[in-house]
Amino acid sequence: MTDRFHHPDDREARSAARVRALEALLIEKGVITSKTVDTVLNVFETKMGPFNGARIVARAWVDPAFKQRLVADAPAAIAELTDLPEGMAGAEGEHMRAVANGEGVHNLVICTLCSCYPWPVLGLPPYWYKDPTFRSRAAREPRAVLKEFGLTVPESTEVKVWDSSAQIRWFVIPERPAGTEGMSENQLAALVTPEAMMGVAVAASA
Amino acid sequence: MKLQHYLGGLEGLGPITVETRVFVEEWEKRIFGIHTAMMALSPQLPLPATPSAFHTVWTWAHLRTGAEGLNPFDYFKYRYYEKWLGGISGYFIENGYITEEELDARTAEYLADPEKPLPQGGAPEIDRRVERYLAEGDSPKRDVAILPDFQEGDTVTVRNVPTLEHTRLPGFLRNHSGVVETVYPGAYGYLTDTGTDGVGAPMPVYCVRFEAKDLWPGNTEPNVTLYADLYAAYVTKPTA
């Protein structure tokens, strides 16, 4: 890892003080409440996050017909899963599409302009996804980039790169790892990472 | 047109930074929360009014316009949420919610005593609206009868539109041709008007397939295809 995310202590202390000052002023001026920021963060800890995507992928692994419906119409298929939290078609999830890895095809989602990401099913984008170096290189040399993530994709496998620059938010259904035949959906969901659902990794082996 | 619009395919960059955290500093969570609340409280949304003093429009597009409007060297100097903190504080100052002097003075107080508590209070309707916005979203899809000019399988050429501060057109696709993979049903608006760049009013959106070897001849990897979702304003008939 480079030292891009490490800075002198004072830089962070100043930003921390400035954002706290801003939050305090916005509370005093009646723009937000003293609970607003924590309310937002709580949604991303309990309702919108990669735990939803992992459950959706696990269902797709055990039910091939569901997987087909998920690829054909992701919001409708996700709406079938009534045990997910509310808001799967909420902010940044209004128009989602899923693409499935399979024999001879590997999918990778990028956003070369900013950080488009399907919040309800994946939560907020990790830093690697927002890194300008990733955004630049993944478009032209995806295999070289994937190798740096530890994933080797042979030339015989087509790499499909999806650049989310309009209103559609994408995620990847990784392949089910070998040796997981007897596992429950909950156990399977534990193998699915945000990185696997954006295509820079595959699902963990059992 | 800015370097930040042309990121796709830039050459000569170093290794990827594989940082899987969403926030690398605790303070980044706070500016994310403030931004999300601003989106939720923005008055153009069809949500019940609240006693919030927030009365001006703030959307994703405003955040992006600020970031893309930066000098490119500044754009790459600041970390992701540092750009947010700069843009959002500037917005509250420019729109008269706070003054720069107030913000500087309060910053000095929290720098001296980081544990100093935040003020308490505020109307609970504000937080209910924020939760409701997150759960319901803000779909840009519009129910208007606009027929797409292109069908799946058609070849289209990406226009080289005059872009000022903000665009939804990845620069590396300009003047290249691809094949329409999907015509999304309906029409999609955008959160702001990008002016001569061409996006704002509802229009069809296409998913267009490009061969990497056509985008970067001799300078890419074999067996790579790139798909981009593009507003109709960004594509035209091939001239040849």
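**Close-up views of a predicted model**

The residues that line the largest pocket of this predicted model divide into 9 nonpolar, 11 polar and 8 charged.

**Figure 1. The largest pocket and its lining.** In this predicted model, the largest pocket has a volume of about 690 Å³. Its lining is made up of 28 residues. Those that lie nearest the centre of the pocket are Lys83(B), Trp84(B), Gly86(B), Gly87(B) and Gly90(B).

**Figure 2. Elements around the largest pocket.** Two or more residues of the lining of the largest pocket come from each of these elements: α1 (9-28) of chain A, and α2 (60-69) and α4 (80-94) of chain B. The element that gives the most to this lining is α4(B), with 10 residues.

**Figure 3. The largest cavity.** The count of cavities of 30 Å³ or more comes to 3. The largest cavity has a volume of about 350 Å³, and 24 residues line it. Nearest the centre of the largest cavity lie Glu92(A), Gln167(A) and Arg169(A) from chain A, with Trp60(B) and Leu191(B) from chain B. By class, the lining of the largest cavity holds 13 nonpolar, 5 polar and 6 charged residues.

**Figure 4. The second largest cavity.** The space in the second largest cavity is about 70 Å³. From chain A, the residues that line this cavity are Val43(A), Lys47(A), Met48(A), Glu86(A) and Gly87(A). From chain B, Glu131(B), Leu134(B) and Ala135(B) line the second largest cavity. Helix α6 (residues 124-136) of chain B gives the largest share of this lining, 3 residues. The lining of the second largest cavity divides into 4 nonpolar, 1 polar and 3 charged residues.

Figure 5. Ser34(A) lies in the loop between α1 and α2 (36-46) of chain A. The relative accessibility of Ser34(A) is 11%, so this residue counts as buried; the cut-off for buried is under 20%. With neighbours within four places in sequence left aside, Ser34(A) is in contact with Ile27(A) in chain A. In chain B, the contacts of Ser34(A) are Pro119(B), Gln120(B) and Gly121(B).

Conventions:
Residues are numbered from 1 along each chain as its sequence is written. Chains are lettered from A and ligands numbered from 1 in the order in which they are written. This is a predicted model: local features need pLDDT of at least 70, side-chain atom pairs count only at pLDDT 80 or more; totals for chains, interfaces and linings use all residues. Side-chain values use heavy atoms; hydrogens and water are left out. On a 1 Å grid over the protein atoms alone, a cavity is a set of points where a 1.4 Å probe fits but cannot get out, and a pocket is an open set with protein on both sides within 12 Å along at least five of seven lines; lining residues have an atom within 4 Å of a point. Grid points are joined across faces, edges and corners, and a volume is the space filled by probe spheres set on the points. Helices (H or I, at least four residues) and strands (E, at least two) are DSSP runs, numbered from the N terminus. Ala, Val, Leu, Ile, Met, Phe, Trp, Tyr, Cys and Pro count as nonpolar, Asp, Glu, Lys and Arg as charged, and the others, Gly among them, as polar. Buried means under 20% relative accessible area, exposed over 50%, partly exposed in between (1.4 Å probe, protein chains only). Contact means heavy atoms within 4.5 Å.
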